[in-house]
Amino acid sequence: MTVARSLVGQAVGVLKGAKSLSVLTGAGVSKESGIPTFRDADGIWKDMDPLKVATLEGFMKDPKFVWEWYIARMNKFKEAKPNPAHKGIAFLEGKIPQFTLITQNIDNLHHDAGSRHVIELHGNIWRTRCLKCHEVERMESIPQKSPPQCQKCQGMLRPDVVWFGEALDPDHVRRAGEACDVDAFLIVGTSGQVWPAAGFAHEAKRHRAYLVEINTQESELSSIVDLSLLGRAGEVFEQILAGW
Ligand code: OAD
């Protein structure tokens, strides 16, 4: 799926001309790295009930099962490498003076690609949080025991990710909100079905940012964007960088 050269040219023009740019990413940006999305035909929520593995209630009911599910995902993430979309977004950070990346992904691939100014709205799978002492720790290795225990207080650890029904970190929300006051706002690989994340695109629109979307199909946000590039994120970024 190749995007028409004229549309790519238009996107390059907008991005090159922007003094400030924010990027919002979702699971689609990591699809070409071999990580499945949530709501596509082959998505994670087709075979797994999010209430079981992505709510605190589900976790408290069966922490062993939920940890085993996250450990399986970690093993998959460990093999994954950033694709041209992650790398292209890191490239943009080097080119545009005021840059913020807001991601819903927990896979760390944006960091691996070299992005630095990243707000991880939904947390990071490579961190744990203790339910007893609340200490957040970076994981040195994939837990062997399920559920793993806190080294300091022996409390039960949970993945440091945001589950359904949980509030986002208020500092992340504040910083992401500020990052909506920009010249251009790029939306990559998200269905736009999950809030408050999707709300940042609407907020950028209110600030009169020029909205560009990259997705393999229409999303909930397509109706508000100024330019839509229909294609796989990695391939579209290869075209953008070729036209830079
Ligand atoms: P979704 O699975 O809802 O949406 C993925 C989007 O990526 C869809 O719009 C696809 O069309 C698009 N897509 C698929 N492959 C692509 C590709 N190669 N290039 C570009 N686009 C592609 O995932 P998210 O929008 O990230 O939260 O979902 C948001 C949140 O819902 C996630 O962070 C997760 C999930 O439940 C929690 O678990 C709390």
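Me: Which residues are the closest to the centre of the second largest pocket?
Reply: Keep in mind that this is a predicted model. The second largest pocket holds about 370 Å³ of space. Its lining takes in 18 residues, and those closest to the centre are Met 139, Pro 148, Gln 149, Gln 151 and Leu 157.

Me: And which elements give two or more residues to the lining of the second largest pocket?
Reply: By class, that lining has seven nonpolar, five polar and six charged residues. The elements giving two or more residues to it are S4 and S5.

Me: Is Leu 131 buried, partly exposed or exposed?
Reply: Leu 131 sits in the loop between strand S4 (123-130) and strand S5 (136-138). Together with Leu 56 and Met 60, Leu 131 forms a nonpolar surface patch of about 230 Å² accessible area. Its relative accessibility is 31%, so Leu 131 counts as partly exposed.

Me: What element gives the largest share of the lining of the largest pocket?
Reply: That pocket has about 960 Å³ of space. Its lining counts 50 residues, with Gly 26, Ala 27, Phe 38, Arg 39 and Gln 104 nearest the centre. Helix H5 (63-79) and strand S8 (210-215) each give two or more residues to the lining. The largest share, four residues, comes from H5.

Me: What gives the most to the lining of the largest cavity?
Reply: There's one cavity of 30 Å³ or more. Among the residues lining it are His 110, His 111 and Glu 120. Helix H7 (109-112) and strand S3 (118-120) give two or more residues each. With three residues, the top contributor is H7.

Terms used
Residues are numbered from 1 along each chain as its sequence is written. This is a predicted model: local features need pLDDT of at least 70, side-chain atom pairs count only at pLDDT 80 or more; totals for chains, interfaces and linings use all residues. Side-chain values use heavy atoms; hydrogens and water are left out. On a 1 Å grid over the protein atoms alone, a cavity is a set of points where a 1.4 Å probe fits but cannot get out, and a pocket is an open set with protein on both sides within 12 Å along at least five of seven lines; lining residues have an atom within 4 Å of a point. Grid points are joined across faces, edges and corners, and a volume is the space filled by probe spheres set on the points. Patches are made of residues with over 30% relative accessible area and no salt bridge: like charges are joined within 9 Å, nonpolar side chains (Val, Leu, Ile, Met, Phe, Trp, Tyr) within 5 Å. Accessible areas come from the Shrake-Rupley method with a 1.4 Å probe; for residues, only the protein chains shown count as cover. A salt bridge is a side-chain nitrogen of Lys or Arg within 4 Å of a carboxyl oxygen of Asp or Glu. Buried means under 20% relative accessible area, exposed over 50%, partly exposed in between (1.4 Å probe, protein chains only). Ala, Val, Leu, Ile, Met, Phe, Trp, Tyr, Cys and Pro count as nonpolar, Asp, Glu, Lys and Arg as charged, and the others, Gly among them, as polar.
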